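This report is meant to be read with the sequence and the 3D view side by side.

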Amino acid sequence: MHYKIQEAARMLGISPQTLRFYEQYGISVHERVGDGQYRHYSNTSIDLLMSLRKCRNCGFTVAQTAEIIRQEDGAQLALTLQERAEAMERQAEMQTRIAQSLRAAAELLQRSKSLIGRYEVRKRPAGCALIIKRPGTERLDAHAMARVAEWAEWMPLVRWMTRYPLVRSAGEAGTEKGFMTDEKTAAFLGAERQEGAERLPECACLYTVIRWHSAQGEPIAGVREGLAYMEKNGIRIAGAPVVSTFWNVNVKDDPISYGECWFPTQNE
């Protein structure tokens, strides 16, 4: 039995134009019949095209699919399929982690009104950071900038962070800028193995959520409020406050940022 190109395309759930495109890679076997030399596809052609559709649905490119269909070595084909399966599993885990990150951000945004200005003792989870701007500098670290694009690609699994090493004179010049993420996510992404990556140990912190107008500068006002709260309540700061931005909005050209703020305290 033979099928016209429209019939073959319909069986595969693709357009005739796509079927013609596959021909450029030599993976669409058909016959020319009749005076008009129209394309016709046999049952064997349909079987081959079903394998093609299977490969495409598995995420292989057209060029990769052409190589797979022509592969006679079963062991090599098995290796190719295994590698793709592993890649798909990683992609699935990546999507799961991104979904979890979005849910966490959504929960923080829903609770932001009640969390802003409220302080509580929490353990800041161990994590990993990439610092790209050091205190007292106007420019970003050229060495670390080589890895910025990859860390940005990992968002929202990583967050933009601002750290204030000089807590008594915290301000633009005294800040560190970079990315941060938790320990498990860093291990999954391989971020901890990158040159320049810094381990962030778990530590006891005073925690709050802050909101600031980005156009008006750093989240320094929220940091200062937290430091004032600690001083008023006799809580000693034991390390650099860290602000991790979990969402940004831009309403009427007024950028607003939301972040979690961590103030390390003396260990109990």
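## A salt bridge between buried partners

In this predicted model, Glu-176 has a relative accessible area of 9% and is therefore buried, the cut-off being under 20%. Its side chain meets that of Arg-163 in a salt bridge, with 2.6 Å from N to O, and Arg-163, at 11% relative accessibility, also counts as buried. The pair links distant parts of the chain, since Glu-176 lies in strand β7 (residues 176-182) and Arg-163 in strand β6, 13 residues apart. Both residues belong to a network of salt bridges that also takes in Arg-134 and Glu-198.

## Salt bridges around Glu-120

The structure holds nine salt bridges, and two of them involve Glu-120. One joins the side chains of Arg-118 and Glu-120, at 3.0 Å from N to O, while the other joins Arg-122 to Glu-120, with the closest N and O atoms 2.7 Å apart.

How accessible is Glu-120, buried or partly exposed? With a relative accessible area of 24%, Glu-120 is partly exposed, as is Arg-118 at 37%, and Arg-122 falls into that class with 25%.

## The eight-stranded sheet

Eight strands form an open sheet with antiparallel pairing, in the order β4-β9-β11-β10-β6-β7-β5-β8. Its edge strands, each of which pairs on one side only, are β4 (120-124) and β8 (197-200). On average, and with direction ignored, neighbouring strands of the sheet are turned by 40 degrees against each other.

Within the sheet, β9 (residues 203-213) and β11 (residues 254-264) are paired in the antiparallel sense over nine bridges, and Leu-206 stands opposite Phe-263 in β11. Helix α5 (residues 74-115) packs on the sheet, where it touches β6 (159-163), β9, β10 (242-251) and β11, and its direction makes about 85 degrees with that of β10. Helix α9 (residues 220-232) packs on the sheet as well, touching β9, β10 and β11, with its direction at about 30 degrees to that of β11.

## Helix α1 and its buried face

In helix α1, which covers residues 5-12, the buried residues are Ile-5, Ala-8, Ala-9 and Leu-12. Seen down the axis of α1, these buried residues fall within an arc of 100 degrees, so they line one face of the helix. An α-helix has 3.6 residues a turn, so residues three or four places apart point the same way.

The buried residues of α1 pack against β1 (2-4), α2 (16-23), β3 (38-42) and α3 (43-57). After the helix comes Gly-13, whose phi is positive, near 75 degrees.

Methods: Residues are numbered from 1 along each chain as its sequence is written. This is a predicted model: local features need pLDDT of at least 70, side-chain atom pairs count only at pLDDT 80 or more; totals for chains, interfaces and linings use all residues. Side-chain values use heavy atoms; hydrogens and water are left out. Buried means under 20% relative accessible area, exposed over 50%, partly exposed in between (1.4 Å probe, protein chains only). Helices (H or I, at least four residues) and strands (E, at least two) are DSSP runs, numbered from the N terminus. The arc is that of the directions from the helix axis to the C-beta atoms. Contact means heavy atoms within 4.5 Å. Two strands pair if DSSP finds at least two bridges between them. Axes are lines fitted to C-alpha atoms, for helices over the stretch in contact, and angles run from 0 to 180 degrees between N-to-C directions. A salt bridge is a side-chain nitrogen of Lys or Arg within 4 Å of a carboxyl oxygen of Asp or Glu.
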